[in-house]
Amino acid sequence: MATTEADVTRTLDREGDMRVPGVVFASDALLPTDTGDLFGQVRAVATLPGIVEASYAMPDLHVGYGFPIGGVAATDVDDGGVISPGGVGFDISCGVRLATLPVTSDEVDDATLGSLMDALAQRVPHGTGPGGLWKLQRRDLRRLLTEGAHMAVESGHGVPADLDRIEDRGRLDEADAKAVGDRALERGQAQLGSLGGGNHFLELEVVDEVVDQQTAQGFGLAEGQLVAMIHCGSRGLGHQVCTDAVKQMHGAMARHGITVPDPQLACVPVESAEGRSYAAAMAASANYARANRQLLGEAVRDAVEDAFGTRDVRLVYDVNHNMAKRERHVVGATERGLCVHRKGATLALPPGDPQLPDDLRDHGQPVIVPGSMGTSSWVLAGDQGRAFASTCHGAGRLRSRSQARKRIHGDDLRTQLVAEGIAVRSRSAAGLAEEAPDAYKDVDEVVAVCEAAGLSRRVARLRPIGVVKG
């Protein structure tokens, strides 16, 4: 396993139209035999106007739309820097939420686990068909797009303490509901408070190993504790916002004198009318996503009350991994205003960062890293603030969904998982097969690379015992 920064850092020298080098954090075990398409995407991102420092790729990287999944790039807003929907993704503000449950693994037998899983499957809408938990009128949906998780909490979906544990405290102030088109509003109106399908899930896990006792204690984690992890995003609303923005930017690039090597890298200056419109709609989508996970978190509380008669479910943290945010970072010796794209990458604020809540500041930001249904997940903490304070977002796909379906039938996978002690609640056998454990990279190797590179450090490993999927 890789142990030093030099072992896990690959530099792609500038060539052609690249404005900066590429930097890939990965061990040999995490890279495909043929890196051509993957490294090609890293190099293509390096050609974007205004990009600074490097085109980065996290260790869970794989080929994506425009940017690689795991791609991180920052552009200088005051020097013609651009914003690109391909650097955010279609599931805007997709993220991961982790909460502790008031029981340990010793207190949960098979019957109790089954009852809790049934309650979760009943309480949490999952799959592509079911509607959400909160049906809002259009005017109230627009309000939610500006208020995010705050509106959910104020309406009784959660407790105020939750907001201190959500990135940006659950709301981006630059959101503008008027920038979100009617089709996006229509798609999102019935989906608020739902997991969706694909790689989205709700998982019950046990804290299997604590690597950093002091930080784990600060995060509220202890060995043997049960936790619930939620992975989902902005559903159809965010997807439509991205679709609309890509179309608009394709028509606007010529006016701004921009050419890109791949049409999937469509972009415009951050400070252009099109750039500001997309940023406002993206922030509104992020507010939707945070409210969505807040509602699902409250549904977990409801299920725990069903099973154990208590609502003592405490949020560890809620992080995003598909965003472009305006931030200030030192580049060279100068602090600059940047637009930082994180596509399948997570913000990882280091210890001491003033943006962190007081009780987390000494430890660094919690980072929640899902593995797969049959392997481990991890809780990390921000470390040295490298790559604009970014780290991985998950294990990263090794095989496409179609490849995964060809290797195993969903019913066979369900049997295997149950034999391993993992309870499964899923609406679709095909959807289950798409997320088979061997479709993903080794998450232990991914987080080890993150630690060796100084991106984040390991805090605790989580072992799955139950999963709810579409």
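In the predicted model described here, six strands form an open sheet with mixed pairing, in the order β1-β2-β3-β4-β12-β11, where strands are DSSP runs of E of at least two residues, helices are runs of H or I of at least four residues, and both are numbered from the N terminus; two strands count as paired if DSSP finds at least two bridges between them. The edges of the sheet are formed by β1 (9-12) and β11 (322-331), each of which pairs on one side only, and the twist from one strand to the next averages 25 degrees. Residues are numbered from 1 along each chain as its sequence is written. Because the model is predicted, local features need pLDDT of at least 70 and side-chain atom pairs count only at pLDDT 80 or more, whereas totals for chains, interfaces and linings use all residues, and side-chain values use heavy atoms, with hydrogens and water left out.

Strand β11 and strand β12 (residues 334-343) pair in the antiparallel sense over 10 bridges, and V331 stands opposite T334 in β12. Helix α2 (residues 36-45) packs on the sheet, where it touches β1, β2 (22-25), β3 (51-62) and β4 (69-76), and its direction makes about 155 degrees with that of β3; contact here means heavy atoms within 4.5 Å, and angles run from 0 to 180 degrees between N-to-C directions, with axes fitted to C-alpha atoms, for helices over the stretch in contact. Helix α15 (residues 443-453) also packs on the sheet, touching β2 and β3, with its direction at about 150 degrees to that of β3.

In helix α4 (residues 138-147), the residues L141, L144, L145 and E147 are buried, buried being under 20% relative accessible area, exposed over 50% and partly exposed in between, with a 1.4 Å probe and protein chains only. These buried residues of α4 pack against α5 (149-154), α7 (182-189), α9 (235-252) and α10, and α4 is followed by G148, whose phi is positive, near 60 degrees. The axes of α4 and α7 lie 11 Å apart at an angle of about 95 degrees, which makes α4 roughly perpendicular to α7, a description that covers angles of 65 to 115 degrees. In this pair, R138, L141, R142 and L145 of α4 meet D182, L185, E186 and Q189 of α7.

The largest nonpolar core has 52 residues, and I83 and L144 are those with the most contacts inside it; such a core is a set of buried Ala, Val, Leu, Ile, Met, Phe, Trp, Tyr and Cys residues joined through side-chain atoms within 4.5 Å. Among the elements that give two or more residues to this core are α2, β5 (82-83), α4 and β11, while its largest share, 9 residues, comes from α10. Leaving aside neighbours within four places in sequence, I83 is in contact with residues including M249, Y278, M282 and H341. A second, separate core of 43 residues includes V23, Y56, A57 and V367.

Within helix α10 (residues 273-308) lies E298, which counts as buried because its relative accessibility is 10%; residues up to four places away in sequence not being counted, E298 touches G156, H157, G158 and R311. In helix α13 (residues 410-419), G410, L413 and L417 are buried, and the buried residues of α13 pack against β17 (423-426) and α14 (429-434). On the other side of α13, T415 and A419 are exposed, and the helix is followed by G421, whose phi is positive, near 85 degrees.

Conventions. Parallel < 35°, antiparallel > 145°, perpendicular 65-115°, else oblique.
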